[in-house]
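Here is a short briefing on one protein chain. Look at the sequence and the model, then work through the points below.

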Amino acid sequence: MGLTMRVIELECTDPLKLGAFWSAALEAPLGPGVDGVNISPQGEAGMRLYLVEERASGRPRSRTRLWLNPVVGSLEAEVARLTGLGATVVDKRWTNRSCGLAVVVLADPEGNEFCIESSDRELAEAERRLEDPLDDLDGLGPEPEAGSVGFIRIDTP
């Protein structure tokens with residue numbers, strides 16, 4: 001049979017305030033829920049993010065992370081946009097340094113962590129160049145910084 005994922009639920013102290021952040025981040029409208037707010041990036045039939053008020057204060061929050069991927073643009077541009085909305089950078093990691101592919105762990109304004117991977121365009125370009133036997137891959141990945149091991153430098157505001 002299998003399962004279909006419909007909702008990712010996050011507990012938070014202020015669903016409306018955090019909903020405004022996620023609505024802007026996902027560029028999707030904020031809608032009402034029974035005991036929280038809904039954000040449906042692919043419409044009502046698609047997967048949605050549901051934000052509810054904390055049910056048991058003092059209990060540690062789940063370490064669930066959303067994994068997001070920019071369809072257009074770049075990882076760097078998306079990180080800059082999200083930090084401009086109030087997210088903070090937690091960690092930056094390479095997924096493939098030679099190709100310039102990375103993932104950045106961010107936290108929303110209430111500290112819920114989420115990950116942004118290299119964009120679809122960046123992945124497609126890396127794959128195209130890796131498959132091209134005539135491409136010497138010059139300029140594909142970033143130059144390693146002195147002393148850096150496995151981290152990407154992304155300038156954020």
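**Buried cysteines**

Cys115 is buried, with a relative accessible area of 0%. Cys12 also has a relative accessible area of 0% and is buried. The model is predicted. A search of the whole structure finds 0 disulfides.

**Overall layout**

- The protein chain has 3 helices and 8 strands.
- Along the sequence, these elements follow the pattern β-α-β-β-β-β-α-β-β-β-α.
- The protein chain has 157 residues, and buried residues make up 35% of them.
- The accessible surface comes to about 9,600 Å². Carbon and sulfur atoms account for 54% of that surface.
- How much of the contact total comes from residues 24 or more positions apart? Among contacts with a separation of 6 or more, such residues account for 58%.

**Helix α1**

- Helix α1 covers residues 15–26.
- α1 has 12 residues and reaches 15 Å from its first C-alpha to its last. That is close to the 16 Å expected at 1.5 Å a residue.
- Which residues of α1 are buried? They are Pro15, Leu18, Gly19, Phe21, Trp22, Ser23 and Ala25.
- An α-helix has 3.6 residues a turn, so residues three or four places apart point the same way.

**After the helix**

- α1 is followed by Glu27.
- Glu27 lies in the loop between α1 and β2, and β2 spans residues 30–32.
- The phi of Glu27 is near 50°. This is a positive value in a residue other than glycine.
- Is Glu27 buried or exposed? Glu27 is exposed because its relative accessible area is 64%, and the cut-off for exposed is over 50%.

**Aromatic pairs**

- A search of the whole structure finds 3 aromatic pairs.
- One of these is formed by Trp22 and Phe114, and the pair is edge-to-face. The distance is 4.7 Å centre to centre, with 70° between the planes.
- This pair links distant parts of the chain. Trp22 sits in helix α1, Phe114 sits in strand β8 (residues 113–117), and the two are 92 residues apart.
- Trp22 and Phe114 are both buried.
- Ring pairs also bring in Phe21, which joins Trp22 and Phe114 in a cluster.

**The largest nonpolar core**

- The largest nonpolar core has 22 residues.
- Which members touch the most other members? They are Trp22, Leu49, Leu51, Leu82, Leu106 and Phe114.
- The elements that give two or more residues to this core are β1 (7–12), α1, β3 (36–39), β4 (48–53), α2 (75–85), β7 (101–107) and β8.
- α1 gives the most to this core, with 4 residues.
- Leu82 touches Phe21, Ala25, Ala87, Leu106, Phe114 and Ile116. That list does not count residues up to four places away in sequence.

**Trp94**

- Trp94 is found in strand β6, which covers residues 88–96.
- Why does Trp94 count as buried? Its relative accessibility is 15%, and buried means under 20%.
- Trp94 and Ser118 are 24 residues apart along the chain. Their C-alpha atoms are separated by 9.7 Å.

Conventions:
Residues are numbered from 1 along each chain as its sequence is written. This is a predicted model: local features need pLDDT of at least 70, side-chain atom pairs count only at pLDDT 80 or more; totals for chains, interfaces and linings use all residues. Side-chain values use heavy atoms; hydrogens and water are left out. Rings of Phe, Tyr and Trp (its six-membered ring) pair if their centres lie within 6.5 Å; planes under 30 degrees apart count as stacked, over 60 as edge-to-face and the rest as tilted. Buried means under 20% relative accessible area, exposed over 50%, partly exposed in between (1.4 Å probe, protein chains only). A nonpolar core is a set of buried Ala, Val, Leu, Ile, Met, Phe, Trp, Tyr and Cys residues joined through side-chain atoms within 4.5 Å. Contact means heavy atoms within 4.5 Å. The expected span of a helix is 1.5 Å times one less than its number of residues. Accessible areas come from the Shrake-Rupley method with a 1.4 Å probe; for residues, only the protein chains shown count as cover. A disulfide is a pair of cysteine sulfur atoms within 2.5 Å.
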